[in-house]
Amino acid sequence: MKKTTLSLVVGLWAVLLVATAAAQDVDLTVTDKDLETEESMWNLYKWWCSVYYASSSSRDLADVESRFEAFKANARHVNEFNKKEGMTYRLGLNQFSDMTFEEFAGKFTGGRTGSIAGDLRDGAVTYCKPPAVGYVPPSWNWTKYGVVTPVKNQLTCGSCWAFSVAAAVESINMIRTGNLLTLSEQQILDCSGAGDCNGGYPYDAFDYVIKTGISLDNRGNPPYYPPYENQKQKCRFDPRKPPFVKIDGECLVPSGNETALKLAVLSQPVSVVITISDEFRSYRGGVFRGPCGSNPNVDNHVVLVVGYGVTTDNIKYWIIKNSWGKTWGEYGYIRMERDILNKNGICGITTWAICPLKNKPRLASADAAAAVAAY
Ligand SMILES: *[C@@H]1O[C@H](CO)[C@@H](O)[C@H](O)[C@H]1NC(C)=O
Ligand SMILES: *[C@@H]1O[C@H](CO)[C@@H](O)[C@H](O)[C@H]1NC(C)=O
C-alpha cells in the first residue's frame, strides 16, 4: 500500500486545478463492481480524490490510509442505501466521504438552541404574527425571484449558525430594499458573541445584527469586512465605515406547527435548526425523509428554508439552502419532507424557526446609500 499511497499523493496535485470546477456536476455513484476488491475500491477512491480533494479540507496527506478506510465504509453505505426499494431520495459520494460521521459532525454542524430556550422561559422572545395572506400557493421558491445569494461554504468551522443568519438577512434585505448584497459571516463569527467554530446561537446572532448591522463581504476594497477565514478571529468591524445592513427585529415562528412555518416562508426565507444524520451528510437528491439525528448536542445544524413544494408523486417538501458548498446535495440545496405526522416536522424543523424583520432600508448615511446603490 505504501507505494500506491505515494503515487496517489503525487498524482493528486496534478489534478487539483482541473477537478474542482466540475465537482458539482459529477455524480459519483457507487456500483457493486467498485466494491468488489481492494483494488477496485482504491480506484474509486482515486477518482473521488481527483474530484473532491481540493474542495474538502479534511485531508491530511499523511493520513491517506485511514481516510481510505472511512471512505470504504461510506462507499458501502451509499451503495447499500441506493439499492433499497421505495426510497424517495438517494445518497452519493461527496466532499465528506472520507470522514467517519463523528469526525464530520464535529466539524460541519454547530447549531445551539440553549439561549433561545432560556429566553423562552424569561418571556423575552417575540413570536411571529401569522402574515395576512389571502391565497396560499401550493408551492413557493424564493430562489426563482432572485432574493437568495449563491450557496456558500462554511468549510471546516461549525459556523452554520452564522451562515444561516447572514443568508436570512441577505434575503429579507433584498425583499425590502431590492439590493441583493452578500453579507459577512466572518463578522458574525468574530463580533456577535453568539458562538464560534464549535457552534452558536442564531437568535443571539440576529440580536447582534439588530444592534450593529452586518458589513458586506470583502470584494477587495475596504471598508468591506475581510473574507471568510474558516476560523474565529478578533472583531474588525468598524461602525464608522458603512455600508452595512441592519434589521429591525426578529421573531420566532410558533413551534410544532408546519402551517405556521409555511406561512412564514411565504413572507421570507426562514432560519431553522434541524438535527442531522449520516444519511443527511451523504444526501445527493430527492426528498429526504430521515433518519434524523438523535443527539441535539452534536447533530444540530442551522440552515435556511427558502420555499416549499410538492412532487408529482404528491410528496410535499421544504426547499432548504445549506452552507456546504454547491457540491453537496442538489447544487447545495436539500428538499426535506413537509407535513409529516410528527408535529415538530422533519428533523425538528419547526422547533427553532426564526425570521429577521426589516421595515425599510436603514443606512448609516447618504454615502452608505450611494455605496450600496453602486455596489
Ligand atoms: C427553485 O428555483 C431555482 C431557480 O429557478 C431552481 O434552480 C430550483 O431548481 C428550484 N427548486 C425547486 C425545488 O424547485
Ligand atoms: C398553526 O398555525 C396556523 C397559521 O398561523 C394557525 O391557523 C393554526 O391555528 C395553528 N395550529 C395550531 C394547532 O396551533
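Student: Is Glu170 buried or exposed, and what is its relative accessible area?

Tutor: The model is predicted, so the value is computed from predicted coordinates. Buried means under 20% relative accessible area. Glu170 falls under that cut-off and is buried, with a relative accessible area of 1%.

Student: Which residue forms a salt bridge with Glu170?

Tutor: Side chains of opposite charge can pair when their charged atoms come close. Here the closest N and O atoms are 2.7 Å apart. The partner of Glu170 is Lys152.

Student: Where do Lys152 and Glu170 lie, and how many residues apart are they?

Tutor: Lys152 sits in the loop between β2 (140-141) and α7 (160-177). Glu170 belongs to helix α7. The pair links distant parts of the chain, 18 residues apart.

Student: Is Lys152 buried or exposed?

Tutor: The cut-off for buried is under 20% relative accessible area. Lys152 has 15%. Therefore Lys152 counts as buried.

Student: Which other salt bridge does Lys152 form?

Tutor: The closest N and O atoms of this pair are 2.7 Å apart. Both residues of the pair are buried. The partner of Lys152 here is Glu185.

Student: Why does the pair of Glu185 and Lys152 tie together parts of the chain, and how many residues apart are they?

Tutor: Glu185 lies in helix α8 (residues 185-191). Lys152 lies in the loop between β2 and α7, so the pair ties together parts separated in sequence by 33 residues.

Student: Which residue meets Asp190 in a salt bridge?

Tutor: Asp190 is in helix α8, and its partner is in the loop between β5 (214-215) and β6 (244-245), so the pair ties together parts that are 46 residues apart in sequence. The N to O distance is 2.8 Å. The partner is Arg236.

Student: Which of these is buried and which is partly exposed, Arg236 or Asp190?

Tutor: Asp190 has 7% relative accessibility, so it counts as buried. Arg236 has a relative accessible area of 31%. That makes Arg236 partly exposed.

Student: How many salt bridges does a search of the whole structure find?

Tutor: Some salt bridges share partners, joining Glu38, Glu69 and Lys72 into one network. Over the whole structure, the search finds 15.

Student: Which residue has a side-chain N or O atom 2.4 Å from an oxygen atom of ligand 2?

Tutor: Pro130, Asn257, Ala260 and Leu263 surround ligand 2. That shell divides into three nonpolar, one polar and no charged. The side-chain atom at 2.4 Å belongs to Asn257.

Student: What percentage of the area of ligand 2 does the protein bury?

Tutor: Taken alone, ligand 2 exposes 360 Å². Of that, the protein buries 36%.

Methods:
Residues are numbered from 1 along each chain as its sequence is written. Chains are lettered from A and ligands numbered from 1 in the order in which they are written. This is a predicted model: local features need pLDDT of at least 70, side-chain atom pairs count only at pLDDT 80 or more; totals for chains, interfaces and linings use all residues. Side-chain values use heavy atoms; hydrogens and water are left out. A residue is near a molecule or strand if one of its heavy atoms lies within 4 Å of it. A polar contact is a pair of N or O atoms within 3.5 Å; within protein, one must be able to donate a hydrogen and the other to accept it, and residues adjacent in sequence count only if both atoms are side-chain atoms. Accessible areas come from the Shrake-Rupley method with a 1.4 Å probe; for residues, only the protein chains shown count as cover. Ala, Val, Leu, Ile, Met, Phe, Trp, Tyr, Cys and Pro count as nonpolar, Asp, Glu, Lys and Arg as charged, and the others, Gly among them, as polar. A salt bridge is a side-chain nitrogen of Lys or Arg within 4 Å of a carboxyl oxygen of Asp or Glu. Helices (H or I, at least four residues) and strands (E, at least two) are DSSP runs, numbered from the N terminus. Buried means under 20% relative accessible area, exposed over 50%, partly exposed in between (1.4 Å probe, protein chains only).
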